[in-house]
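Please consider the model shown below before reading the notes on its chains.

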Amino acid sequence: MTLSVTGLSASRSGRTILHPTSLNIETGERIGLVGASGSGKSTLGNALVDDLRARGQSVAHVPQSPDEALDPLRSLNFHWAETERALGLAADPVRRQGIFKALRIDGGDLRKRPWGWSRGMQQRFVIAMALMGAPDLLVLDEPTSALDPVVAARTMDLLDEHLSGGRTAMLLITHDLGLAARRVDRLIVMDDGKIAEDAPTQTLLNAPQTPAARSLSAHRNWLSLPC
Amino acid sequence: MTQALFGLLLRAAVVLAGTALATFALLWNAPGDPALAITIARYHSVVSPEIIDKIRVEAGLNAGFWTAFQSWIGPILQGDFGNSSVSGRPVLPELAAAAFYTVPLALAGLAIGLVLSIPLAIFAAKRPGSWIDRGAVAIASLGAAIPAYWLGLLLILLFAVNLAWLPAMGARTPAHAILPALTLGLGVAASLTRIIRSGILEARGQPFLPAFRRRGVSDKAIGRDHIAPHAAIPVVTVFGLELAFLLEGAVMVEVIFARPGLGSFLVSAIEARDFPKVQAVVLLAALLFVIVNLLIDLFYRMIDPRIGERDA
């Protein structure tokens, strides 16, 4: 099923931070949303999630840092059960164990509160919650920027493996073209609240058409971390 | 956890011992002749110096400070608060009789305060900056600015004098407690409303809440399971201070409404320099504070164990 949104826009204190934007996302597609800081990537991601959610589509969102996703006063068990209830799912320890195994957090103590786990494990827990309802679209907003490069690469590998062959499409928001290039089929470059360029990954990297894409492409070598 | 509890109890014991020593020292060094004050309170007249000296010996006032302190604190550790210097009767039954009036009054004031402030604060925090919110904050600020003795007099004027609905003076029937409890409760409600409101607003700004909404958690569940616990931390913190206000307010309200209780017990004991009575009240208040603060500490550790870990 193709997910499509039209006319998404956003403004903050009178200034337009996202110009009307339309987007189609195919089943299982991997898209990278790149651009400089302040170009409107996260705004587009949030607007996309909120719009699709409001229309009853199954989407999940992973924010940049686990601090933006987990309540420090509540146990991880509580988070998991709460999300199950919110999605209208019955408690299913087998499904949970499957996702946890895939992300290699099946050894963690769920009675602990988030800060009882390492940040890398917290972030993988947040990704696990996002995967729980097998959403049609998973929006990852700089999902690994709070992690060290080795843990980040590992996390992305595990996620890739879990999603491969499935129906879940992925939108990876990042300023790191190196990270995006290796993991997505299609790149969308944002500039000044607008989509500047939207093309298959190789096309965009080899022949960028716009100044924004050219500047990102030119800097990708020293930007690329081992992930 | 056991270790933390031990630490908290040790701290409580140190506070109690310090309070006992400090009050004793303050009374011991207060200006004026305590033996004379006791004599006047007992005989209602100035009598011969021989009798005053006799009372000085009887009340242990001729001994040194440390001897007197030890002979006072020793029996207390075994639960004996001694006898009144004036009447010679044991302090504890009289203290219990006074507390029998004050404790229900304070609890009623607290209950009124909670019942009024929680809905008002939640209502005000729903739309911060709206006229409802501004009105609630204005009422709360006004309430916090009005001293209990003035509010008490206003309530007497309105409900007892003009409308003649309620009795004002004494403590003969439960209806006599309504105006005093209301006086206390309105003061408590005023300060609690502001604190609960700002606690809710601060909790609402927590960075993780948008993610919960995107996960499909209902606003009701977010309010109950995430905003309320975060808002509870500052509210519980002021609760200990609120208790001080309640005790102080209860004493004042008892004087305004001519009610028996710890207020008149304490005032008459101070006037007569009845050391055992004054010290018993102070120790009781200190004990109450220590217990409440202990409970608050335990509550903190339950709701957010990081608080305990930072201390360690």
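This is a predicted model: local features need pLDDT of at least 70, side-chain atom pairs count only at pLDDT 80 or more; totals for chains, interfaces and linings use all residues.

Residues are numbered from 1 along each chain as its sequence is written, while chains are lettered from A and ligands numbered from 1 in the order in which they are written. Chain B contains 13 helices and zero strands, where helices (H or I, at least four residues) and strands (E, at least two) are DSSP runs numbered from the N terminus.

**Chain B overall**
- The C-alpha trace of chain B spans about 85 × 60 × 30 Å along its principal axes.
- Of the 312 residues in chain B, 31% are buried; a residue is buried if 20 or more other C-beta atoms, placed from the backbone, lie within 10 Å of its own, exposed if 12 or fewer, and partly exposed in between.
- Among contacts in chain B between residues at least 6 apart in sequence, 73% join residues at least 24 apart; two residues are in contact if their C-beta atoms, placed from the backbone, lie within 7 Å.

- Helix α8 (residues 178-204) of chain B has 27 residues and should span 39 Å at 1.5 Å a residue, which agrees with the 36 Å between its end C-alpha atoms; the expected span is 1.5 Å times one less than the number of residues.
- Because 21 of its 27 residues are buried, α8(B) is largely enclosed by the rest of the structure.
- α12(B), with 29 residues, reaches 42 Å from its first C-alpha to its last, close to the expected 42 Å.
- Buried residues of α12(B) include Phe275(B), Pro276(B) and Asp297(B).
- The buried residues of α12(B) pack against α1 (2-28), α5 (91-126) and α11 of chain B.

**Packing of α11 on α12 in chain B**
- The axes of α11 (residues 262-271) and α12 (residues 275-303) of chain B come within 8 Å and cross at roughly 140°.
- That angle makes α11(B) oblique to α12(B); angles under 35 degrees count as roughly parallel, over 145 as roughly antiparallel, 65 to 115 as roughly perpendicular and the rest as oblique.
- Leu262(B), Phe265(B), Leu266(B), Ala269(B) and Ile270(B) of α11(B) meet Lys277(B), Val278(B) and Val281(B) of α12(B).
- By class, this contact of α11(B) with α12(B) has seven nonpolar, no polar and one charged residues; Ala, Val, Leu, Ile, Met, Phe, Trp, Tyr, Cys and Pro count as nonpolar, Asp, Glu, Lys and Arg as charged, and the others, Gly among them, as polar.

**Contact between the chains**
- 15 residues of chain B are in contact with 16 residues of chain A.
- On the side of chain B that touches chain A, α9 (209-214) and α10 (219-256) of chain B each supply at least two residues, and the largest share, five residues, comes from α10(B).
- That side of chain B divides into seven nonpolar, three polar and five charged residues.

**Single residues**
- Val282(B) is found in helix α12 of chain B and counts as partly exposed, with 18 C-beta neighbours inside 10 Å.
- Leaving aside neighbours within four places in sequence, Val282(B) is in contact with Thr19(B) and Thr23(B).
- Arg104(A), in the loop between α3 (93-102) and α4 (119-131) of chain A, has a positive phi near 60°.
- Glu142(A) has a positive phi near 45° and lies in the loop between β5 (137-141) and α5 (149-163) of chain A.

Technical notes: Axes are lines fitted to C-alpha atoms, for helices over the stretch in contact, and angles run from 0 to 180 degrees between N-to-C directions.
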